[in-house]
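Here is a short tour for someone new to reading protein structures. Keep the picture in view and look for each part as we come to it.

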Amino acid sequence: MLKIGFLGAGKMAQALAKGFLTAGLTKGEHITASCVPQDVQCVEAFKELGSTVTFDNRVVAENSDVLLLAVKPSVVKPVLEFVRPKITSNHLLLSVAMGITVDQLEKLLPDGSKVVRVMPNTPALVQCGASVYVPGNHTTDEDNKLTQKLLSAVGTAERVPEYLMDPITALSGSGPGYVYVIIEAMADGAVRMGIPRDMAYRLASQTVLGAGTMVRDTREHPGKLKDDVTSPAGSTAAGLCALENGGIRHALIDALEKATERCRETSKAL
Ligand SMILES: NC(=O)C1=CN([C@@H]2O[C@H](COP(=O)(O)OP(=O)(O)OC[C@H]3O[C@@H](n4cnc5c(N)ncnc54)[C@H](O)[C@@H]3O)[C@@H](O)[C@H]2O)C=CC1
Ligand SMILES: O=C(O)[C@@H]1CCC=N1
């Protein structure tokens, strides 16, 4: 069975690990994860899965076939420099670090190392992730198929050209964050109008799920689907007018631009 190592055991690592286990791709005891000792939540989360937790990144490399690099971009360099002596031509390293390019990853590892740059998102935890990946210069078809299989087990997975990675990070990597704010704010409005808080979250989340599924499955233009909800002089038209007045479209367009720029700055700061 596949031995998977997580360099970094935080939110994204936990979402992927739990998703892989639910999908039956590996077993808890075949996972090794590292973190800093102060991160008690990370230690406990992986122990609960029956996995090995270590504070030594080289142990992760020694124990694993596939390595998930899931530390913050600011520590990618020291972490890879430290594990470098333990990386062999058999390892496949999947990096989820935002902004860090295939070239940058390959330069930090021994020549010929097999690297894939991945951008997943946290809904991988519930098998509803949206992931993309860019194979490095030394991966084989088999490595790319394995990457596709791992990511497909936790949601959708698409191979993309690298120039799209930063805007995709801004869209689907960060996107759950924007949607949670929208759900929270819709619920705040609903509570203001007298709906109990738990019912408000239940209906708001199901509504976002339903609308997303409509766009994905009907392949209709979102504008047409919006028009189908909006009756002349009706409540949706009144609500939409308030959203436009609040600049919702501009705010979201700007969010994508700012998040993309942040990825580019992060790459330059490595
Ligand atoms: N959280 C998200 O929604 C997404 C995160 N990512 C990427 O995933 C990576 C991790 O992000 P999160 O999980 O959100 O961060 P996090 O802060 O939850 O987790 C970071 C983990 O790295 C560990 N760590 C720190 N220094 C370390 C070291 N020297 N050696 C080993 N482990 C070390 C920490 O103890 C912690 O377990 C980032 O590069 C981020 O860009 C990508 C897509 C989505
Ligand atoms: O905010 C971040 O840096 C990461 C990248 C995508 C989602 N979270």
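## Around ligand 2

Four residues surround ligand 2: Met-98, Thr-169, Gly-173 and Ser-174. Sorted by class, this shell has 1 nonpolar and 3 polar residues, with no charged ones. Please keep in mind that this model is predicted.

## Two domains

Now step back to look at the whole chain. The protein is divided into domain 1, covering 4-160, and domain 2, covering 168-269. Their C-alpha centres lie 30 Å apart.

How many residues of domain 1 are in contact with residues of domain 2? There are 13 of them, and they meet 10 residues of domain 2. On the domain 1 side, 8 of the touching residues are nonpolar and 5 are polar, while none is charged.

## An annotated binding site

UniProt, in an unreviewed entry, places a "binding site" at Leu-7, Gly-8, Ala-9, Gly-10, Lys-11, Met-12, Ala-70, Val-71, Lys-72 and Pro-73. These positions are spread over 67 residues of sequence, yet they cluster in space, with a largest C-alpha distance of 14.1 Å.

Let's visit two of them. Beyond its neighbours within four places in sequence, Leu-7 is in contact with several residues, including Ser-34, Asn-57, Ala-70 and Val-71.

Gly-10 is found in the loop between β1 and α1 (11-22). Gly-10 has 18 C-beta neighbours inside 10 Å, so it counts as partly exposed. Leaving aside neighbours within four places in sequence, Gly-10 is in contact with Cys-42 and Ala-70.

## Ala-45 in helix α2

Find helix α2 (residues 40-48), where Ala-45 sits. Ala-45 is buried because 21 other C-beta atoms lie within 10 Å. Setting aside neighbours within four places in sequence, the contacts of Ala-45 are Ala-9 and Gln-14.

Ala-45 also shows how folding can bring parts of a chain together: Ala-45 and Lys-11 are 34 residues apart in sequence, and their C-alpha atoms are 9.9 Å apart in space.

## Helix α9

Our last stop is helix α9, which runs over residues 197-218. From first C-alpha to last, the 22 residues of α9 reach 31 Å, close to the 32 Å expected at 1.5 Å a residue. How many of its residues are buried? The count is 2 among 22, and α9 is hardly covered. After α9 comes Arg-219, with a positive phi near 60 degrees.

Note on methods
Residues are numbered from 1 along each chain as its sequence is written. Chains are lettered from A and ligands numbered from 1 in the order in which they are written. This is a predicted model: local features need pLDDT of at least 70, side-chain atom pairs count only at pLDDT 80 or more; totals for chains, interfaces and linings use all residues. Helices (H or I, at least four residues) and strands (E, at least two) are DSSP runs, numbered from the N terminus. The expected span of a helix is 1.5 Å times one less than its number of residues. A residue is buried if 20 or more other C-beta atoms lie within 10 Å of its own, exposed if 12 or fewer, and partly exposed in between; C-beta atoms are placed from the backbone. Domain bounds come from an automatic or database domain assignment. Two residues are in contact if their C-beta atoms, placed from the backbone, lie within 7 Å. Ala, Val, Leu, Ile, Met, Phe, Trp, Tyr, Cys and Pro count as nonpolar, Asp, Glu, Lys and Arg as charged, and the others, Gly among them, as polar. A residue is near a molecule or strand if its C-beta atom, placed from the backbone, lies within 6 Å of it. UniProt positions are given in the numbering used here, feature names are shortened, and annotations may be inferred rather than shown by experiment.
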